[in-house]
Structure formats: structure tokens, C-alpha cells
Amino acid sequence: MASAARAEAVAPQRTGRSLRAWQQAALDQYEQESPKDFLVTATPGAGKTTFALTLAARLLQRREVARVVVVCPTDHLRLQWADAADRMGIVLDPGLTNAVGPVRAGTQGYVTTYAQVAGKPMLHAARATAVKTLVVLDEVHHAGDGLSWGEAIEEAYGFAARRLCLTGTPFRTKPDERIPFVRYEEDGFEAEEGGLVSRADYTYGYKEALADSVVRPVVFAAYTGTSRWRNSAGEVVAASLSEAGTRSVEMQAWRTALDPKGQWVPHVIAAMDDRITHLREEGGMPDAAGLILASDQDDARAYATIVRRVTGKAPELILSDDPKASKKIERFATGSARIAVCVRMISEGVDVPRAAVLAWMTSYRTPLFFAQAVGRVVRARASHESATVFLPAVRPLLSLAASMEEQRNHVMPPPKTVQGDELDLEPLPPEEREPATMKQFEALEADARFAHVLASGTAHTGEGRPAAAPLAAEEEDFLGIPGLLTAEQTASLLAKRDDELRMRIAQRAHSGDDTGELPIVENHPDEDDAGRSWRDAAELRREINRLVSRVSAKTSTPHAVVHTELRKAVPGPPSASASVDVLRARRERLRTML
């Protein structure tokens, strides 16, 4: 019970922290209405987690609820939510599984995933109705019926006392695929098809966040290039990314550009690295970092090798099937590594404030995914910061980039399969994947060159600048303080840097510096996990298991018998459900037995 007492004592102080204007306004509206269901749509990076936990702390203090349950898309977000709650004085357990029945003593709730709730909805229903519970549904669009999780979420939390839904962008759906606990209204754009759009109780968009300096302004640097590939008929086809004719040709040119064997990828990685260097040395962000989004794990591994070859430094490679993936994300978020390569592990909800550069090297292009991924690099820490997104100059992405400052309603297609707790989204919508006749497609080569900068929905190439008007000294500050340069000047700088990068890459390609055999990921010391209440409990359980093994070996007593004797000596629930205080007492008891 010590953890609960600690939380109750700390919460009043921590919930008095300064809130952003939108967070305070949303809280005021919630407390005035005191609703059962409340949907907040706030642009990625605006601070939805802080808002939700502040509300949770207030409801706990007033004893309007006695438990908080957070449901999120991935396992790593469970850890992120638990850490954030701990800083607010709320003890949420991110390790509670479906195999453990009751909520662990000494906590005020837990964090789970949509996949876990779908696994045993009645178990989560029992937990949510045992006491008055606030259920926070993070990125609630994942609860859609189209994902086969909607019915489970409704079954689990249909009778919860309060429900708070959070999303980074509005979303559309069909009448027969309504997401539980979300209100809808007819979609004006799709009224003829019977489309519905989510109706938020409180909305805080990108425009408002930009005006409040809550998010960074984004510079989109588009790179074109000529792609060459062999089609199923054995013909060699060449097309420019920015001038591809048909949709099919555009798709194949894009796919070829992203092939690790070509020159488009290393060129853009070099440009990305150059931007990170500038931010660290002259841009007032000494810890600036970049993210590379790949279409699949094979590409991610290949891109990591290219990063090592082009930059001379190993990136952090973060893949969903790596058991240390969550630790790697935490390490990257707080460390000094320059670049992380991932598929979708850092695309939604993951908080890496020092990430300010994104390289879009994936063929996935839904509006919601684009907004969520770009949202990883827009979280502002100071007014002078800006974000840069490097992307292929293809129409689907340029259209999404041009509309970033507009209030959009996004559509998210359902994932085809689920691997653990990670969404396994197809890189291309099903109707756009090539038919069986395209199986002989072979990417041959692709080059890269700077195309233009997108500013206010307009493309600026930098061409036409008078040759007699050299860049002034202050203009050499590569994409410096937002507003320092015009869009044309920014484009001119990128074009100039592009020529320099082309020479640098060519020199490295012919230098014989083949570092492909070097480790892709550097060895980093594991983070010290001490000091976190839920982390303490997890470590205590592991230590107890180790001590039980030692006692068993010393006394020739079966492990089960040792566990039984331990529970008799220190009464309480099994270790999987026991509080930190009980676990510590059992550890000390085991030590006396050695």
C-alpha cells in the first residue's frame, strides 16, 4: 500500500504543474460537463498524454474513480505511459498480462494493449467494473470494427464509469464500422457513400499548435531521380519520380528508388546526416537526431548498413521482433545516437523529442500514417526549432505534405495481420499491389537529386535565382531559424548542398571503405532501471525467481515447494500479483534461507 500512499501524497503537487492553454481549456470543459465519454483530437506532439494523466490524477484525488486503465496500440507505448504516469504520481503497471487475474496491489491501474484486450475482453471487463474506473483509449482509431477489435473493446469497457478517447487526427469510417464510444456525424465529402466522420468533444489542430509554438514548423525537402527497372516482359523501363506518367509507372519508380542497391537511398541519407550535423553544431540542438522509416525489416537492415557506410556511424536498428526493441527506443530517446532505422516502431505515439529529421523511405502513404509519422519530429522544445522531412517527390506524398497545415479527416485502412502487439500494415493498399504478372519485377538502379522545398503548399525549386546574387553569410545557415530564409533561398541552399553531397557519396563509393561487415548496432550499456515503481516490481520478481533457484539447489527442494513455503512465511498473493512491499519482504526471507 506504500506505493498508493506515495501516489496520493505526490499527485496534488504534480497535477498543479503548468499546463498548456489547450490542455487547461480541455480540462475545464471536461469538468464542466463531467461526461461519461470524451473524445480529444489533438495533433501529434501537442501533449495528449499529459492532458489525460492530469485528468486521471484529478479524478483519483476527488475519488470519482479508483482505478485508471490505459489501452494503447503497442507494447513500447505501455512503458511510455507508465513512465509518464509515474512522473505524475500515478502508479500504472505496464506488465500486467492476461494470465494474471487481479490488478496488482500497490498500483492504481495498469496499461495494456488493444490486442491483449481482444484476447480476453471479459477479464478486462471484470477489472474495469470491480471499482469505478477511468479507461483511456489511446489512438482510439485502432479500436475500429475493421480491425476486429471493436467488439472486444465495447465488451470490455461498455460498463466502465468513465472513458476518455484520444487520437492525433480525426478519422472517417463507414456506418457499419463504428468505433465504440465515439460520436459521428455525416461526412460532407462522402455523404453519397454514407461516410461518417468522428466528432471530437475538443479539437486542437496543427495550425493552432504551430501558432502556440507547441509544435515545430516542418520543411518538406522532396528528392526526385531517375529509376530504371525490368518489367515482367523483360523490358527495361526508366522514369523520373516526379514525372512518372501513369499510377503504375509511378509506383514502380518509387519502389525502385527505395531499393537499397540504388543510389537514391544513400544520397538522401547523406542529406539527412548533413541536416543533423547542422542542427547539432549551429542550430541550437546539440542532441538532434533523425528517424528513417523503412517498408519492411529487410529494407530496414539494409538501410542501417547504408547509414553506417555513408555516415561512418552505426544507427540504432529497431525492429518489432527484437525483444530489446523497447529498450532501444528508450535508449535512443535519451541517448546521443544520430539516427534510428525502423519500420513502424516509432511511427505512432512514441515520444522522441530530440528527433527533428525524418527520412520517408517507405511506400506506405495513408494520410493518418503520414500525419502520425511526421508527428514524431514536430514536438517543440524551444521556439527556434524546426523539423525537416526528406521524402520522394511522388504525388501521393507531395499531396499529403502540402496539406499538413490544413484540418484534414484521415482514413486508416485495417491491418491485414497482427504480429504480437505490433500492427502489421501493408506498405501499399491492397488494390495497389502489383498482380501476379509483376512477380518478375526487378529494380536495376536509381539516382537522386534535389527537386524542391514545399512551403505553404507551394513547390520552390530555387531555380531562377540571379547568378550575380551570391548567398549572403546569414543565408549559409542551412535551414536555420524558421523565417530567416525565403522558400526560394531555402531551395537554393538545398540544391547547393545536393551537389556537394553527390560528390561526397561518389568519393565514398569508390574509396573501398566497405563497412558492411561491421556491427550495424553499436553496443550500448543497458539503462539503469532502478527508481521506477513498476520497474522495481518487475526486477524484484526476477530476483525472487533467481533466489528461489538458489535455495532449491542448496536444499534439494523443488521450486514449487520453495514458492509455497515462501508464501506461508510472507503471506500475500502470488508474486505475479504481489505488491512491491510484499516482494521485498519475500526477497529478504529468501536471503535468510541461503
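Author: Let us begin with a definition: a residue is called buried when its relative accessible area is under 20%, exposed when that area is over 50%, and partly exposed in between. Please keep in mind that this is a predicted model.

Reader: What makes β3 mostly covered?

Author: Five of the five residues of β3 count as buried, that is, they fall under 20% relative accessible area, and therefore the strand is described as mostly covered. Gly 109, Val 111 and Thr 113 point one way from β3, while Tyr 110 and Thr 112 point the other way, and all are buried. In a regular strand the side chains alternate between the two faces of the sheet.

Reader: Why are β3 and β9 called edge strands of their sheet?

Author: The sheet is open and has six strands in the order β3-β2-β4-β5-β1-β9, with parallel pairing. β3 (109-113) and β9 (202-204) each have a single partner strand, so one side of each is left without a neighbour in the sheet, and they stand at its edges. Neighbouring strands of this sheet are turned by 15° against each other on average, with direction ignored.

Reader: What makes you say that helix α4 packs on this sheet?

Author: Contact means heavy atoms within 4.5 Å, and helix α4, residues 75-87, touches β2, β3, β4 and β5, its direction making about 155° with that of β3. Helix α7, residues 150-157, lies across β2, β3, β4 and β5 as well, running at about 165° to β4.

Reader: Which strands form the open sheet with antiparallel pairing, and how do you know that β6 and β8 pair?

Author: That sheet has three strands in the order β6-β8-β7. β6 (172-173) and β7 (184-186) each have a single partner strand, so they stand at the edges, with one side of each left without a neighbour in the sheet. β6 and β8, residues 196-198, are joined by two bridges, and since at least two are needed, they count as paired, in the antiparallel sense. Thr 173 stands opposite Leu 196 in β8.

Reader: Is Val 91 buried or exposed, and where does it lie?

Author: Val 91 lies in the loop between α4 and β3, and its relative accessible area is 4%, which is under 20%, so it is called buried. Its C-alpha atom is separated by 7.8 Å from that of Gly 106, a residue 15 places away along the chain.

Reader: What is noted about the phi of Glu 139 and of Ser 213?

Author: Most residues other than glycine have a negative phi. Glu 139 has a positive phi, near 50°, and Ser 213 has a positive phi of about 60° although it is not a glycine. Glu 139 sits in the loop between β4 and α7 and is buried, because its 2% relative accessible area is under 20%. Ser 213 sits in the loop between α8 and β10, and its 44% falls between the two cut-offs, so it is partly exposed.

Reader: Which residues have the most contacts inside the largest nonpolar core?

Author: They are Leu 164, Trp 264, Ile 292, Trp 360 and Met 361, in a core of 118 residues. Helix α10 supplies the largest share of this core, nine residues. Apart from it lies another core, of 27 residues, including Val 103, Tyr 110, Phe 181 and Leu 196.

Note on methods
Residues numbered from 1 in each chain as written. Predicted model: local features only at pLDDT ≥ 70, side-chain atom pairs only at ≥ 80, totals over all residues. Heavy atoms only, no water. Helix = DSSP H or I, 4+ residues; strand = E, 2+ residues; numbered from the N terminus. Axes fitted to C-alpha atoms, helices over the stretch in contact; angles between N-to-C directions. Core = buried A, V, L, I, M, F, W, Y, C linked by side-chain atoms within 4.5 Å. Buried < 20%, exposed > 50% of the residue type's maximum accessible area, 1.4 Å probe, protein only.
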